[in-house]
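Here is a short briefing on a structure.

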Amino acid sequence: MKIVVLVKHVPDAQFDRHLTGPGNTTDRDESILSELDEYALEAALQISEARGGAKAGNEVIALSMGPAGAVNAVKKSLQIGASSGAHLSDDALAGSDAAATSLALAAAIRHLGADSPVDLVLTGMASTDGETSLVPAQLAERLGLPQVTFASSLDVDGDRVVARRDGDAHAETIEATLPALVSVTDQINEPRYPNFKGILAAKKKKIASLSLADIGVDASQVGAAGSWTAVETAEARPPRTAGTIITDEGDAGIKLVDFLAAQKLL
Amino acid sequence: MAKALVFIDNPGAALKKSSLELLTIARSLGEAAVAFNGELNDDVAAALGAHGATAVYRPSATDLDNYLVSPKAAYLAAAVAASGADTVLVENTADGKEIAARLGVKLNAGVITDVVGVDADGTSHKSVLAGSYTTTAKARTAVAILAVKPNSVDVDAPVGAGAPETITVEVPADAAANAARITGRTEKPASGRPELTEARIVVAGGRGVDGDFGPLEELADALGGAVGASRAATDAGWIGHDYQVGQTGKTVSPQLYISAGISGAIQQKAGMQTSKVIVAINKDAESPVFEIADFGIVGDLFKVVPQATEEIKKRKG
């Protein structure tokens, strides 16, 4: 089984995050592997291990698109257990929206499948920076793959994929045939942490550096120029300030209702 | 004249408020039309007309609900072609955004999600990086696809026109080829409370509720609000994951958010900091939630919340 897991290097949500520059793009200092992608990687590792892992010819390739620093998301994935990595990086990719990103990633996945076909593409349910959830669906559309998204459970049996998708009103069972694209939620598993052995082993694993030329994409198709949307203005929201804080002296519930009444919220 | 196509998927017996909001936005952009999947009963058809829809485009296929997302995107692409629409409006749900995503690729059209307002020229307003920025974005393509959050506009009064013209759109024969099939569907029990992302009032609990959401549910019911939870509470299994507010859960911006027993770490703050008014109840005076609360109570939620519920019931008579 050959699995490609998409991993994104995103600004750490523990710190303040900023938009910057003429295209109002995300400032990527202080970035980490997107937490939501760890669930996709864990799902990939479990599927590979259930089939005998790397020894039995299973491959888990961590693919990231992004500037130089994004290779760190790939390295972290290798430490956690991916068998190899690929880093798609090109100055022309800067400012790509979901459509342009999915175009480049689709070409990169085709490139990775050139020698032996990719059976499964796994992604998180969203990035923790852009948060649009558009890329998995757009990638499936571009690759002509069945889309099994927001999976909160996933079984791969032969060439059949069965997943559970939890909506607000109902839960659905989704089935598709491989090759397929699956996005997973944070309910699907408990991602493992890299251990010492994994960190050492990662140093020997290969990371393919890919440029646009390598994957056959023209610079005009990606980046701000190739994007179908543009962020025109960005304004930092003024931080919220603390209001009235009281300590309960036995009547705080009443005071709360007084506050709600004064705010016309009752 | 500009034309906006609103996608309405299986509304059942009556249109949802969010669909009427999309129709209101459509009319503010130009002529409003509807792409309608599912059974169209007379009342719903009349309501569509009353809210300004001049035409309803229905799919030739009746099995779109048996597949995940992609055949619906194929049908919508055909409906956009038939109607000549230059804007497509969908709900900002998981399905809505993914239908928008695939439709975007099919039509070479820009997609903007999480929209909270649309100007007459199509400029969309949204909030990004967990509410820390507000941005405007615009599609640079001939067709724009916008996924709009609920409660973004006030619904216009009905204009009183008759039932709109109905047109059947041919769904491409290969629309379901390579689509994932939905082979089972279990309805979840309805709580009777408003939907979390649409509620005017949200009462949310965290680690401090210690497994007992009862008092918060009673307060939510007294206020007519929805119940939410922090990740600590959903991870502990005290309440379903659907109720999670935060970075990896739902983003809410109600008129009133009452946070009880939640420390307010960044992961939770990300899902609620655009709420109009925030009330926090926590035993620990050092909890970060107090930094963003309009009204904070340092105290025991099991004393404060029931007292507030009783007082609200008393005042509402």
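Two residues are in contact if their C-beta atoms, placed from the backbone, lie within 7 Å. Helices (H or I, at least four residues) and strands (E, at least two) are DSSP runs, numbered from the N terminus. This is a predicted model: local features need pLDDT of at least 70, side-chain atom pairs count only at pLDDT 80 or more, and totals for chains, interfaces and linings use all residues. Residues are numbered from 1 along each chain as its sequence is written, and chains are lettered from A in the order in which they are written.

**Chain B overall**
- Chain B has 8 helices and 15 strands.
- Its radius of gyration, taken over C-alpha atoms, is 21 Å, close to the 20 Å of the globule rule (2.2 Å times the number of residues to the power 0.38) for 317 residues, so chain B is as compact as a globular protein of that length.
- The C-alpha trace of chain B spans about 60 × 45 × 40 Å along its principal axes.
- Of the 317 residues in chain B, 55% are buried (20 or more other C-beta atoms within 10 Å of the residue's own, C-beta atoms being placed from the backbone).

**Contacts between the chains**
- On chain B, 71 residues are in contact with 64 residues of chain A.
- Elements of chain B that each supply at least two residues to this side include α4 (94-107), β5 (110-118), β10 (181-187) and α8 (301-316).
- Strand β11 (residues 170-177) of chain A pairs with β10(B) in the antiparallel sense, over 6 bridges; pairing requires at least two bridges found by DSSP.
- Within that pairing, A:T173 stands opposite B:G184.

**Nonpolar cores**
- A nonpolar core is a set of buried Ala, Val, Leu, Ile, Met, Phe, Trp, Tyr and Cys residues joined through C-beta atoms within 7 Å.
- The largest has 138 residues, of which A:V5 and A:A108 touch the most other members.
- Helix α3 (residues 98-112) of chain A gives the most to this core, with 11 residues.
- Apart from it lies another core of 47 residues, among them B:F213, B:A222, B:A233 and B:I278.

**Helix α8 of chain B**
- The buried residues of α8(B) include B:L301, B:V304, B:A308 and B:I312.
- They pack against α8 (252-262) of chain A, and against α5 (214-223), β13 (256-260), β14 and β15 of chain B.
- B:G317 follows α8(B) and has a positive phi, near 70°.

Note on methods:
A residue is buried if 20 or more other C-beta atoms lie within 10 Å of its own, exposed if 12 or fewer, and partly exposed in between; C-beta atoms are placed from the backbone.
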